[in-house]
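Subject: Structure for your review

Dear colleague,

Please find the structure below, together with its sequence.

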Amino acid sequence: MIAVRQFECTDNFAWKPATKLFNAWHGGVPAILGWESAYQAERKSHLDYLEVTTVEEALAALKKLRDDVLFRQSMVENGRRRAYETQPNILTQEWIEFLTDVAVPAYHRWCSNPVLHRKRFFLKRQTALSADRLQRFVGFKIEGLQKRLNAFGKFFDVQQ
């Protein structure tokens, strides 16, 4: 399975879950994935998936899976073991433990902080989110401009 949103990308798609990786494990197939934080957060071994950032790397990964039968089988077997971790009952139990052992106690500690401290926290988070949004927007605009300039340059190269 190959799932790459964008080659040579600077965005790590932090808001996207690792569902494609989980589906590959459950489907019993090796995964070739792009550079994304959700996949990286789930990675415990080089057998979890092959990460690629260019078309050339994707082709090399496909050739490796084609030519190295033992490696491919090792990835599939590793995926079967990892699939167990993402079964609904296992994930449900992990969420219950997180909510009861981490989130609720943290919320109670949060509520015991002075109001000024909580307001300062929200202001810092809002500032960080706004800066992130601005950085994404500027990056998107620059990327679009670069694509237009490249297309413009190719147009003139053809004319010569």
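To begin with a term used throughout, helices (H or I, at least four residues) and strands (E, at least two) are DSSP runs, numbered from the N terminus. This is a predicted model, in which local features need pLDDT of at least 70 and side-chain atom pairs count only at pLDDT 80 or more, while totals for chains, interfaces and linings use all residues. Residues are numbered from 1 along each chain as its sequence is written, and side-chain values use heavy atoms, with hydrogens and water left out.

Helix 4

Helix 4 covers residues 69-85, 17 residues in total. The distance from its first C-alpha to its last is 25 Å, close to the 24 Å expected at 1.5 Å a residue; the expected span is 1.5 Å times one less than the number of residues. For burial, the terms are as follows: buried means under 20% relative accessible area, exposed means over 50%, and partly exposed lies in between (1.4 Å probe, protein chains only). The buried residues of helix 4 are F71, M75, V76, N78, G79, R82 and A83. Which elements cover them? The cover includes helix 1 (19-27), helix 2 (37-42), strand 3 (50-51) and helix 3 (55-67), where contact means heavy atoms within 4.5 Å.

Salt bridges

Side chains of opposite charge can pair when their charged atoms come close. A salt bridge is a side-chain nitrogen of Lys or Arg within 4 Å of a carboxyl oxygen of Asp or Glu. The whole structure contains eight salt bridges.

One of them joins E85 and R82, at 3.0 Å from N to O. Why are these two residues about one helical turn apart? The reason is that E85 and R82 are three residues apart in helix 4. An α-helix has 3.6 residues a turn, so residues three or four places apart point the same way. R82 is buried, at 4% relative accessible area, whereas E85 is partly exposed, at 26%.

R82 also forms a salt bridge with D48, and here the closest N and O atoms are 2.6 Å apart. Because D48 lies in the loop between helix 2 and strand 3 and R82 lies in helix 4, this pair ties together parts that are 34 residues apart in sequence. D48 and R82 are both buried.

E85 meets K44 in a further salt bridge (3.3 Å, N to O). This pair links distant parts of the chain, with K44 in the loop between helix 2 and strand 3 and E85 in helix 4, 41 residues apart. K44 is exposed, with a relative accessible area of 61%.

Aromatic rings

Rings of Phe, Tyr and Trp (its six-membered ring) pair if their centres lie within 6.5 Å; planes under 30 degrees apart count as stacked, over 60 as edge-to-face and the rest as tilted. By this rule there are six aromatic pairs. Among them is the edge-to-face pair of W95 and F98, with 5.8 Å from centre to centre and 90 degrees between the planes. W95 and F98 are three residues apart in helix 5 (residues 88-111), about one helical turn. W95 is exposed, at 53% relative accessibility, and F98 is partly exposed, at 39%. Elsewhere, W110, F121 and F122 form one aromatic cluster.

Yours sincerely
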